[in-house]
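Subject: Structure handover

Hi,

Here is the structure I promised you. Please open it first, then read my notes below.

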Amino acid sequence: MRTHAWSQRAAATLRRRPTGRLVDLLLPAGLLVLALALRWFRVESAYDVFIDEVTYRELAHNVATGAGVVLYGEPFTLHPPVSFLVLGGALRLLGPDLAPIDSILALRHVSAAAGALVVVAVWALARRVGLGRVPALVAGGLVAVDPFQISFDSRVLIEPFAQLFLLGCLLLLVTAARTTERTRERWATAGAAVLGGLTFSTKETFGMVLVGALAVLALWFGAAVRRRTTVTVLVGSIAGYAGCSLAVASSYGFSTWWDSRTEGLARLVGTEQPTGFNSPTTQVTLTSRIAANAQDFAVTYGLLLLGGIATLVLLRRLVAASERAALRPDPMAVVLPAWSLAACGYLVYATFIGSIEEQMYYITLAPCVLTLVLWARSWAAGIGHRLAPVVVAVLVVVPVLFDVSVWHRTHTTDVDAYAAFVHWEADAITAGSRMAVTEGTAQFLVENAELGEWSTVREFRREDVDYVLVQTKLVREGYGLARPAVLARLEKQADVVFEAPAGDGDRLVLFDVRPLTGGSS
């Protein structure tokens, strides 16, 4: 009777308990829903319009209407075209006739969806290289709630698409290296090469990181990840980028393509710095920006720092011991520190020598999180203390709670200054008024006024300007056309007719300067 009763209880337990396969479907599905919700909730108003969004929306609009990858009538070859083709296809479905500001806000949902898929891909790669469900869930969860990651996923930018392709490439690489079935290996290798080419053909910096990671694996860890497979994916990725470059050059002219490549290379190596923290025209330093953003991105910075340290620790252990002994139980996990090494190496170079901008930290966050989780798993298992998992749990829960609080503050506060201005301007400004735009964004959104990039009081008077639009933060940091002295004079002598907060103490302000200039009428 006891045996029978125990069997009944065991059978009931098995019926209630989901199978491992079902759990492996439900957990990433839950991560996808969570990531989408965090990115889509009030995505239209949580972040102000970024100048790159205006550019990429225009490219997507031209693709959607059949004009090709052109920007205001000129071929755009500074970045490869894949993300613009994706966004253009999406805009064709959403409605290519939408007003510029409305299409930007609509396309944000597409970028956010790509960012949510990055979260799922982080989970999948963690599982594929041998991490358990809990470490994989931690890695995916940290990326899902990270406010820095969310801020770039929630705008019309290239980074989510490039990172998604890169993760897909590594996933298929590990799949190909694991399998013993020849046909499956060939298909997985071919798929990895295609996704590697798409990574390069979306944004070259991500492609360079991928090539660096594959080179590290091929040169030093061929016993863990089959060298033949890695080299094939490496060559295929470069070939895919070469094919894309050839297509662009043949479509828009070799000289146009070559000029953009040399310009991009000069910015990459640091000989030309038109933008970024290392630019001589920028009034803000990287360290001051990090300090100012710490209230939102403190956990992000911690993950990047600790992930970089974990990368060095794990790779040192791999050099000092056999691969199998260093990364028990699965040496295939060497893919994670190899990827993190390439990403961190690029970021360090860009920070101190090349051209560095905030979005470049997006390249490094996912590999750093994965490598840090890998190290934490090995540390907890290595010390064997029963409190080790508790310590790790606390070190995860506290950052997650911080990130959730940042998300709540960000996504419940309206900072849609440009959207508010465009809708206000359509009714409040007399058609034909002359407006000086000094911030680089409104000129592509405003349709009711005659616009010009005039930035000094002398030019305002010479051109009979009626209004001057200023974004205060850009002026302070040296990105806008107007100088701080001009802004100070406007604040003293001109009337404010529109003002909206743009986040981080920034303001978008429209000044009525007709008392200074006489106006256009």
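A helix here is a DSSP run of H or I with at least four residues, and helices are numbered from the N terminus. Keep in mind that this is a predicted model.

Start with helix H20, which covers residues 472–477 and includes Thr472. Is Thr472 buried or exposed? Buried means under 20% relative accessible area. Thr472 has 2% relative accessibility, so this residue counts as buried. Its side chain also reaches the backbone nitrogen of Arg507, at 3.0 Å.

Next, the nonpolar cores. The largest one has 119 residues. Leu125, Val225 and Trp339 have the most contacts inside it. Helix H5 (residues 100–128) gives the most to this core, with 12 residues. Now look at Leu125. Setting aside neighbours within four places in sequence, Leu125 is in contact with Leu167, Leu170, Leu171, Val174, Leu336, Trp339 and Leu370. Another core, of 16 residues, lies apart from the largest one. Among its residues are Trp454, Val457, Phe460 and Phe511.

Last, the second largest pocket. Its volume is about 710 Å³. How many residues line this pocket? There are 29, and Val138, Ala376, Val392, Leu395 and Val396 lie nearest its centre. The elements that give two or more residues to the lining are helices H2 (20–40), H6 (133–145), H13 (286–320), H16 (361–383) and H17 (388–411). H17 gives the most, with 9 residues. By class, the lining has 26 nonpolar, 2 polar and 1 charged residues.

Best wishes

Note on methods
Residues are numbered from 1 along each chain as its sequence is written. This is a predicted model: local features need pLDDT of at least 70, side-chain atom pairs count only at pLDDT 80 or more; totals for chains, interfaces and linings use all residues. Side-chain values use heavy atoms; hydrogens and water are left out. A nonpolar core is a set of buried Ala, Val, Leu, Ile, Met, Phe, Trp, Tyr and Cys residues joined through side-chain atoms within 4.5 Å. Buried means under 20% relative accessible area, exposed over 50%, partly exposed in between (1.4 Å probe, protein chains only). Contact means heavy atoms within 4.5 Å. A polar contact is a pair of N or O atoms within 3.5 Å; within protein, one must be able to donate a hydrogen and the other to accept it, and residues adjacent in sequence count only if both atoms are side-chain atoms. On a 1 Å grid over the protein atoms alone, a cavity is a set of points where a 1.4 Å probe fits but cannot get out, and a pocket is an open set with protein on both sides within 12 Å along at least five of seven lines; lining residues have an atom within 4 Å of a point. Grid points are joined across faces, edges and corners, and a volume is the space filled by probe spheres set on the points. Ala, Val, Leu, Ile, Met, Phe, Trp, Tyr, Cys and Pro count as nonpolar, Asp, Glu, Lys and Arg as charged, and the others, Gly among them, as polar.
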